[in-house]
Amino acid sequence: MIYECMPYYNEEMVARLRINNDKNHIDSIHVAESDYTFRYDYKGYNFPGDLIDFDFVSYEKLNVKRCFCPNTILGKLKLLKYRVSNNKYKKLLASPPWFNEATQRNKVAKSINPKDEDYVILCDIDEILDMEYLPKILE
């Protein structure tokens, strides 16, 4: 089974293109959306409901208060509890917007229960796969 997991922002046209492109190749698409931007500004939920009607598209609304970190001094202090020695992750924890983006991406990946033989593609919704290369990727 092939899963795609992706966060959604406000890319309706791209989401339609992506889902139509993937429906004959991908077994299950999982989308998560927050009603706040990564900078913690309110934006509302905007994922087109008619796309959820496809049997293979699941959609999750995130509870921002439980998983996002406000882009404030208090939010930055909250991130201090994470101790990282790897420089790669210091940028992530240096600012709440980076933390929130990673949180939304990881949250959607946790919505699936893949088996060892399954494939999981974690990407942004605007990163459309060229299905010509899918057999090579799966080898």
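**Burial and packing in a predicted model**

Q: What share of the 139 residues of the protein chain counts as buried?
A: This is a predicted model, in which local features need pLDDT of at least 70, side-chain atom pairs count only at pLDDT 80 or more, and totals for chains, interfaces and linings use all residues. Residues are numbered from 1 along each chain as its sequence is written, and side-chain values use heavy atoms, with hydrogens and water left out. Buried means under 20% relative accessible area, exposed over 50%, and partly exposed in between (1.4 Å probe, protein chains only). Of the 139 residues, the share that counts as buried is 40%.

Q: Where on helix H1 do its buried residues lie?
A: Helices (H or I, at least four residues) and strands (E, at least two) are DSSP runs, numbered from the N terminus. In H1, residues 12–22, the buried residues are Ala15, Arg18, Ile19 and Asp22. Seen down the axis of H1, these fall within an arc of 95 degrees (taken from the directions from the helix axis to the C-beta atoms), so they line one face of the helix.

Q: Which exposed residues does the face of H1 turned away from its buried side carry?
A: The buried residues of H1 pack against strands S1 (2–8), S2 (28–33) and S3 (57–61). The face turned away from that buried side carries the exposed residues Met13 and Leu17.

Q: Is histidine 30 buried or exposed?
A: Histidine 30 has its place in strand S2. Contact means heavy atoms within 4.5 Å, and, not counting residues up to four places away in sequence, histidine 30 touches residues including Tyr3, Ser58 and Ile112. Because its relative accessibility is 10%, histidine 30 counts as buried.
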